[in-house]
Amino acid sequence: MPDMEILFDITGMLFLLVVLTLLVKPFGTYISNVYQGNRTILSPILMPLEGLINRAAGVKQDEEMDWEEYATTLLLFNGMGLIVLFLILLLQGILPLNPQGFPGFPLDLAFNTAVSFVTNTNWQAYSGESAASYLTQMSGLAVQNFLSAATGLCVAIAFIRGFTRHTSQTIGNFWKDMTKSVLYILLPISIIAALLLVSQGVIQNFDPYTNSSLLQPVQTSDGQTIVNQTLALGPVASQEAIKEFGTNGGGFFNANSAHPFENPTPLTNYLEILLILLIPFSLTYTFGRFSGNTRQGWALFTTMMMLFIVLLGVMYWSEYSGNPLVKPVASGSYLEGKEVRFGIGGSVLFAVSTTATSTGAVNAMHDSLTPIGGMVTMLLILLGEVVPGGVGSGLYTILAFAIIAVFIAGLMIGRTPEYLGKKIEVFEMWMSVLIVLTSGILVLIFVSVALVTYFGISSILNPGPHGLSEILYAFASVANNNGSAFAGLNANTLFYNLVTALAMLIGRFVPAVAALAMAGSLSKKKYIPPSIGTLPTHQVTFVLWLAVVILIVGALTFFPALSLGPVVEHMIMNAGQ
Amino acid sequence: MNQIKTTLKLFAILMLLVGIIYPVAVTGLAQVFFPKEAGGSLLYDPDGKITGSAMIGQPFSDPKYFWSRPSATSGYPYNPLASGGSNLGPTNKDLIGQISNRTSLLNSYGIQTPVPSDLVEASASGLDPHISLQSAQVQIPRVARARNLTEQALNKLVLQHVEERQFGFLGEQRINVLKLNLALDSMK
């Protein structure tokens with residue numbers, strides 16, 4: 001009954017989006033209270049702990065930073081994270097909590113992986129269950145799941161302060177923002193989410209891998225008989241929670257959120273999707289509260305949600321239509337690379353959520369999606385991760401888009417470019433362009449390099465236009481710090497390990513520092529009250545205009561590449577070849 | 001210098017908090033409240049031997065068992081040390097060939113084309129424990145013949161193993177193949 005199928009799928013999607021929207025106001029309010037130093041529901045427990053941490057680290061109560069100090073401290077903090085994670089990966093063979101006795105990562109892979117987790121990308125050229133020890137997972141990789149997400153939050157909050165502070169030299173204190181992000185926002189919900197996940201069957205233990213007998217022994221390809229299945233175990237739930245909530249996306253296991261131990265039931269699937277979307281969407285409300293006009297926040301929310309729903313619809317239609325090449329022999333949904341318990345609806349909603357944010361976790365293999373379905377995931381990444389984008393990074397990136405939108409509109413209708421009472425001048429435009437275009441430029445350069453070198457194309461799995469899609473997806477993913485892949489591409493080569501690491505670093509820290517620089521410049525400016533010459537930025541016209549600007553920058557830049565990859569493949573498929 | 005020292009100290013404290021205390025605390029709570037789930041939902045036979053996990057699928061090719069979905073894991077199908085999908089694109093000739101071979105095999109056991117898609121298309125994890133109700137039902141005649149059982153009895157067993165959509169609307173209706181086959185083996 002295909003029609004019933006659609007009905008259930010749409011109900012599930014609507015249910016999730018309604019719950020999400022209902023949570024945006026309370027959670028966005030909570031976030032703004034945290035950073036404004038107001039009392040919150042968790043203050044009685046966390047304030048003493050926060051004080052303790054500040055004293056132990058030597059953070060002074062009233063110390064504030066200008067943007068240069070904020071940025072250098074942020075880079076220093078992330079640099080330390082990079083070095084520590086790199087060392088853990090190299091040395092895991094001699095470190096404790098390694099029941100399977102995995103050796104250290106090779107140099108290039110360790111570097112790539114460390115960069116990947118510090119930049120909130122979680123691109124994985126390794127396979128968790130056969131390479132990473134429990135210590136590596138929980139004290140190496142998962143630490144960066146927290147800290148990279150918190151870094152994104154810090155930049156977003158400092159950026160908001162640029163608008164809300166007037167004639168101020170400082171934009172906040174990185175250490176205090178970092179501690180607040182971890183203590184008040186990331187940690188409490190991760191604990192609750194992890195336990196909910198365990199209750200559904202996500203594992204959480206330190207047991208060595210366990211042998212279980214197969215009901216029917218099988219032959220391997222080289223003729224051996226296998227009588228036991230070795231179950232890979234580990235402390236998964238604690239990592240799963242922050243992996244989604246921090247829009248990180250790096251799976252404990254190679255199959256990521258498709259693995260039944262990471263995502264065992266439809267409920268865990270929807271919970272994980274909610275965790276992915278919650279902070280990025282709620283930050284729009286936080287922004288509105290900070291700026292004293294929540295309608296400014298809802299305008300950003302509406303822009304994001306509009307693009308999200310349209311692309312969700314396109315992808316659902318494509319996956320529901322399936323693959324005409326196999327339809328004559330296989331009835332029902334197209335399930336290559338998908339799990340039965342999620343079906344089309346749960347797979348599509350997850351795929352859209354993970355690429356619309358910079359998460360990159362997957363519960364279906366994107367390489368096996370229909371051409372248009374795969375294109376939607378790629379397009380969501382190529383739009384610059386703004387609908388709603390990663391934790392923190394989504395907000396500061398869409399604000400850069402908003403500034404560009406205000407500027408272009410100002411040029412067209414002859415109004416003064418200003419946003420939230422701050423005059424937009426040459427420096428702000430430069431920084432906005434840097435935030436918005438860095439990843440796109442990286443994608444175009446690196447895809448071109450990969451396509452004309454042997455190292456680049458020898459990693460391709462699927463022939464024809466799909467091979468181009470694999471490379472395009474890879475660089476879109478790393479330059480925008482998403483981390484998902486058309487995973488047929490063999491990414492664990494010296495070329496890809498080094499080049500993707502470079503793209504991840506630039507794609508993460510150039511926009512982040514540009515956002516902080518702009519925050520510094522904005523906070524020094526005076527507040528200009530709105531006048532007749534001011535373009536209103538909280539009305540429908542602006543929402544639509546902002547969406548158009550995002551689409552023009554993202555879609556037009558990559559129109560030729562997308563045409564040669566997924567669009568051509570779609571035509572080939574429908575021609576029955 | 002102060003900047004470096006404070007940053008380093010804060011990093012160490014937060015790493016201890018989220019990298020050691022958090023996962024250990026969650027493990028403790030999980031082991032107290034949900035020990036079975038936290039340990040992998042393991043299934044045991046009467047002698048206490050582990051016969052699998054309720055979450056992880058197993059491969060079947062014997063006519064007397066219900067078959068799981070195709071698995072693209074390397075080494076052997078349903079290898080939990082190499083979870084993942086085929087990653088074959090929708091127009092890849094290898095994929096079309098694989099699906100057509102699997103369909104022919106099902107045809108040879110009397111299952112008619114078009115066959116249910118989940119029986120010929122590989123899962124994302126390579127460990128998918130489930131198949132659709134339809135996929136179980138088309139296998140009933142084969143299993144009945146191999147085991148000398150009536151189709152009615154098997155149909156009843158299959159229906160007992162249906163897991164409905166969660167809360168009536170989330171996800172898909174499905175059947176856990178390993179649990180179904182374990183029940184089949186214990187049928188008198």
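Visitor: What radius of gyration does chain B have, against that of a compact globule of 188 residues?

Guide: The structure shown is a predicted model. For a compact globule of 188 residues, a radius of gyration near 16 Å would apply. The C-alpha atoms of chain B fill a box of roughly 75 × 45 × 35 Å along the principal axes. The radius of gyration of chain B is 22 Å.

Visitor: How many helices and strands does chain B have, and in which pattern do they follow along the sequence?

Guide: Chain B contains six helices and six strands. Read along the sequence, the pattern is α-α-β-β-α-β-β-α-α-β-β-α.

Visitor: What percentage of the residues in chain B is buried?

Guide: A residue counts as buried if 20 or more other C-beta atoms lie within 10 Å of its own. Among the 188 residues of chain B, the buried share is 48%.

Visitor: Is B:Ser123 buried or exposed?

Guide: B:Ser123 is placed in the loop between strand S3 (115–116) and strand S4 (130–131) of chain B. The cut-off for a buried residue is 20 or more other C-beta atoms within 10 Å. B:Ser123 has 35 C-beta neighbours inside 10 Å, and therefore it is buried.

Visitor: Which residue of chain A is in contact with B:Ser123, leaving aside neighbours within four places in sequence?

Guide: Within chain B, the contacts of B:Ser123 include B:Arg69, B:Ser71, B:Gly85 and B:Asp128. B:Pro70 is 53 residues away from B:Ser123 in sequence, yet the two are 6.9 Å apart in space, C-alpha to C-alpha. The contact from chain A is A:Glu339.

Visitor: What is the distance between the end C-alpha atoms of helix H10 of chain A?

Guide: Helix H10 (residues 343–356) of chain A is mostly covered, with 14 of its 14 residues buried. At 1.5 Å a residue, its 14 residues should span 20 Å. The distance between its end C-alpha atoms agrees with this, at 20 Å.

How values were computed
Residues numbered from 1 in each chain as written. Chains lettered and ligands numbered in written order. Predicted model: local features only at pLDDT ≥ 70, side-chain atom pairs only at ≥ 80, totals over all residues. Helix = DSSP H or I, 4+ residues; strand = E, 2+ residues; numbered from the N terminus. Buried ≥ 20, exposed ≤ 12 C-beta atoms within 10 Å, placed from the backbone. Contact = placed C-beta atoms within 7 Å. Rg over C-alpha atoms; globule rule 2.2 N^0.38 Å. Expected span 1.5 Å × (residues − 1).
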